[in-house]
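Hi,

Here's the structure I said I'd pass on. Have a look at it first, and then read my notes on its charged side chains below.

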Amino acid sequence: TDAAAAHEQASELLVAREARAEAAAEETQVRLSAVEQDHLGALAAVARWEAEAEKAEAHRETVHKELTAASEQAEHDAESHREELTELKLELAAALEVADTHQQ
């Protein structure tokens with residue numbers, strides 16, 4: 001009968017639509033999984049970059065402290081050398097004065 005044939009055709013169309021919908025859902029799930037993996041990869045990369053940035057900042061701070069300490073030590077050493085030089089000049093002047101006194 002026509003009604004049975006129409007019902008059969010409608011059932012076939014419904015089965016075909018369900019199969020296409022299921023295939024589309026599976027494809028969407030595969031794409032979603034790929035996007036989630038990309039997202040996780042990006043998050044991991046950001047975490048690595050942040051850790052590297054923190055290490056770089058810590059290294060910069062360490063180098064800054066070391067350079068500051070070296071600079072302060074160099075200033076201290078220079079001041080000590082200036083004082084020693086002043087003392088040596090005074091001793092030399094005194095020795096020259098004694099030498100002049102002995103020559104006269």
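Keep in mind that this is a predicted model. I'll start with arginine 60, which is partly exposed because its relative accessibility is 45%. Its side chain meets that of glutamate 57 in a salt bridge, at 2.8 Å from N to O. Glutamate 57 is partly exposed too, at 34% relative accessibility. Both residues sit in helix H1, three residues apart, which is about one turn of the helix.

Why might such a pair form? Side chains of opposite charge can pair when their charged atoms come close.

How many salt bridges does the structure hold?

- Glutamate 27 pairs with arginine 31, and their closest N and O atoms are 2.4 Å apart. They're four residues apart in helix H1, so about one helical turn separates them. Arginine 31 counts as exposed at 54% relative accessibility, while glutamate 27 is partly exposed at 41%.
- Arginine 82 pairs with glutamate 79, with 3.0 Å between the closest N and O atoms. Both lie in helix H1, three residues apart, again about one turn. Arginine 82 has a relative accessible area of 47%, so it's partly exposed, and glutamate 79 is partly exposed at 35%.

One last thing to look for: which residues gather in a patch of negative charge on the surface? They are Glu83, Glu84, Glu87 and Glu91. Glutamate 83 is in helix H1, which covers residues 2-103, and counts as partly exposed at 43% relative accessibility.

Cheers

Notes: Residues are numbered from 1 along each chain as its sequence is written. This is a predicted model: local features need pLDDT of at least 70, side-chain atom pairs count only at pLDDT 80 or more; totals for chains, interfaces and linings use all residues. Side-chain values use heavy atoms; hydrogens and water are left out. Patches are made of residues with over 30% relative accessible area and no salt bridge: like charges are joined within 9 Å, nonpolar side chains (Val, Leu, Ile, Met, Phe, Trp, Tyr) within 5 Å. Accessible areas come from the Shrake-Rupley method with a 1.4 Å probe; for residues, only the protein chains shown count as cover. A salt bridge is a side-chain nitrogen of Lys or Arg within 4 Å of a carboxyl oxygen of Asp or Glu. Lys and Arg count as positive and Asp and Glu as negative; His and the chain ends are not counted. The place of a charge is taken as NZ of Lys, CZ of Arg, CG of Asp or CD of Glu. Helices (H or I, at least four residues) and strands (E, at least two) are DSSP runs, numbered from the N terminus. Buried means under 20% relative accessible area, exposed over 50%, partly exposed in between (1.4 Å probe, protein chains only).
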